[in-house]
Amino acid sequence: MIKAIFEYQFLQNAFIASIMASIVCGIIGVIIVEKKLVMMSGGIAHTSYGGVGLGYLMGFEPIIGAFLFSICAALGIGYIKRKGGTRSDVVIGLFWSLGMALGILFVALMPGYPPDLSSYLFGNILSVTKADLYLMISLTFIIVFVIVLLFNDWKAYLFDEEFASIIGIKTAFLEYLLLVLIAMTVVVLIRVVGIILVIALLTAPAATAGMLASSLKKRMIYSVLFGTVFCIIGLWISYFINIASGAVIVIFSAISYFLVYFIHSRLKRGKSKRIKQ
Amino acid sequence: MRETAVHIDNLLVCYGQVPAIEGVSLDVADGEYLGIIGPNGGGKSTLLKAILGLIPATHGTVQVYGNSPEKNRSLVGYVPQFAVLDKQFPISMLEVVLTGRLKQGLSPFFNYTKEDKKVVYDLLEKVGIESLVNRQISELSGGEFQKMLIARALAVKPRLLLLDEPTASVDVASRDQIYGLLAELNKDMTIILVTHDMLAISSQIHRLACLNGYLVYHGEPELTEKVVNNLYGCPVDLIAHGLPHRVLKDHEGGKPN
């Protein structure tokens, strides 16, 4: 495969795309898992399907549509949640299915033969284009930059939002910013694992890292490393047996998570036994 | 005359349509040590949050050192209820206390200075947990966690310290240490303490406020039976919690309500 990477442009694209996906899902994934925003991220991801449909209908790049829809979903969910009055899981559920429904509607309105949407739903890393790649690289750069830039503020906000707001940190701004970053992350991940499978890549590397590293920074770094391993191995398997990359990556991530979980709890039990004796 | 630290006038705070506290008027002088007691749901935490500017007043005014709470944020330290925080969060004790040193607004590329770290080490020494500085918070006991939260509040260098049940789920030794520490701190700052703990009320505080939706009592830290009846509707329950006799007066109507 290493030789093939140098030969084929599409494999080079896929390789770079998996690295980008691993970086964002590592960093944002840790935040999502710690802040318990997994379902919120699922909602943002699924809403973006409406944008994909709109892109096909209006004839622009579907990934741009997905980007716009997921940003709107992030801001919409955030606004309604902040205003209060409704439970956020209800709002998330509504955005989730409304986005999917709009996508189906837009595609149905399209004249002619309907396009194959499975690469957006389940991801196909081998079909990443140059344009996709440029978008992914710039979004990854923005996400990493924003997190590094305000790292200490993020840490205070994530640990204790109330205290952060009391000492005058702009927590409302950080909350919206975080939701926008999640929307960007979703867009980066759509081409790799698809809308439906995004949640797995956001949670599996972060949760695996969570068992092994105790500081926030270390957790993010481990999570990026795990993500890279999951994606590259998934890409490699999907290249050889010719199955949608998203499915392979997700299956491999989930198995790895459970494996680490099993070994980790075994070791822990062994340790506490030894202490007792 | 001493400066007024907190001035509350005819305060009404509603959650939706439901008033949590109403008609509360209260002044806290600079250097005072005020204890607030009351039943669960009596609005104690709501009052603290109104002083912190976290919940807007539906009606009435709240002032902290002569200004709105939002404007005087840097003067106030806050120790939240221990239960609301995620103890599994991947952060060390040092990092938690350092957050008290963060600047207002947002600070791009912010790094804590040597002085920030020194302040934090001194505070951890003051609250007696400096040996645990690099521990993860998931490895701390209830008492250690609570002392860490006090150190974080002090890192802001406040003139007014607000504490929301700092001795809930804390062992007896730590509880005594915390009260000792608060008495010590009271020499330099105003303290408002929300508690269920009657022992603290009796031995330390200067003034007492009893809150049950409205201000049942505000004055010297001596409870009459009438006040307790108004407050909890059940004085027996209170005594069972270990209320010292010298707090609860034997005869009724000894103090004007």
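Analyst: In this predicted model, 24 residues of chain B are in contact with 21 residues of chain A, where contact means that the C-beta atoms of two residues, placed from the backbone, lie within 7 Å. For the complex, the predictor gives an ipTM of 0.84 and a pTM of 0.87.

Residues are numbered from 1 along each chain as its sequence is written, while chains are lettered from A and ligands numbered from 1 in the order in which they are written. As the model is predicted, local features need pLDDT of at least 70 and side-chain atom pairs count only at pLDDT 80 or more, whereas totals for chains, interfaces and linings use all residues.

One place where the chains meet involves helix 8 (residues 151-159) of chain A. Helices (H or I, at least four residues) and strands (E, at least two) are DSSP runs, numbered from the N terminus. In helix 8 of chain A, 8 of the 9 residues are buried. A residue is buried if 20 or more other C-beta atoms lie within 10 Å of its own, exposed if 12 or fewer, and partly exposed in between. The buried residues include Trp154(A), Tyr157(A) and Phe159(A). The buried part of helix 8 of chain A packs against helix 2 of chain B, and against several helices of chain A, among them helix 2 and helix 12.

Those two helices of chain A also meet each other. Helix 2 (residues 9-34) and helix 12 (residues 216-241) of chain A pack at an angle of about 145°, with their axes 8 Å apart. Axes are lines fitted to C-alpha atoms, for helices over the stretch in contact, and angles run from 0 to 180 degrees between N-to-C directions. Among the residues that meet are Ala14(A) and Gly26(A) from helix 2 of chain A, and Gly227(A) and Leu235(A) from helix 12 of chain A. By class, this contact has 12 nonpolar, 7 polar and 1 charged residues.

Elsewhere in chain A, Met40(A) lies in helix 3 (residues 38-58). Met40(A) counts as buried because it has 25 C-beta neighbours inside 10 Å. Beyond four places in sequence, Met40(A) is in contact with Ile77(A) and Ile92(A). By contrast, Leu98(A), in helix 5 (residues 88-109) of chain A, has 16 such neighbours and so counts as partly exposed.

Chain B has 8 helices and 9 strands, and 40% of its 257 residues count as buried. In helix 4 of chain B, 13 of the 14 residues are buried. Just after helix 4 of chain B, Lys157(B) takes a positive phi of about 60°.

The mean pLDDT of chain B is 83, and 84% of the residues score at least 70; pLDDT is the predictor's confidence in each residue, from 0 to 100. Within chain B, helix 2 (residues 93-98) has the highest mean, 94, and helix 8 (residues 235-240) the lowest, 42. The pLDDT also stays under 50 over residues 234-247 of chain B, and is below 50 over residues 250-257 of chain B.

Terms used:
Ala, Val, Leu, Ile, Met, Phe, Trp, Tyr, Cys and Pro count as nonpolar, Asp, Glu, Lys and Arg as charged, and the others, Gly among them, as polar.
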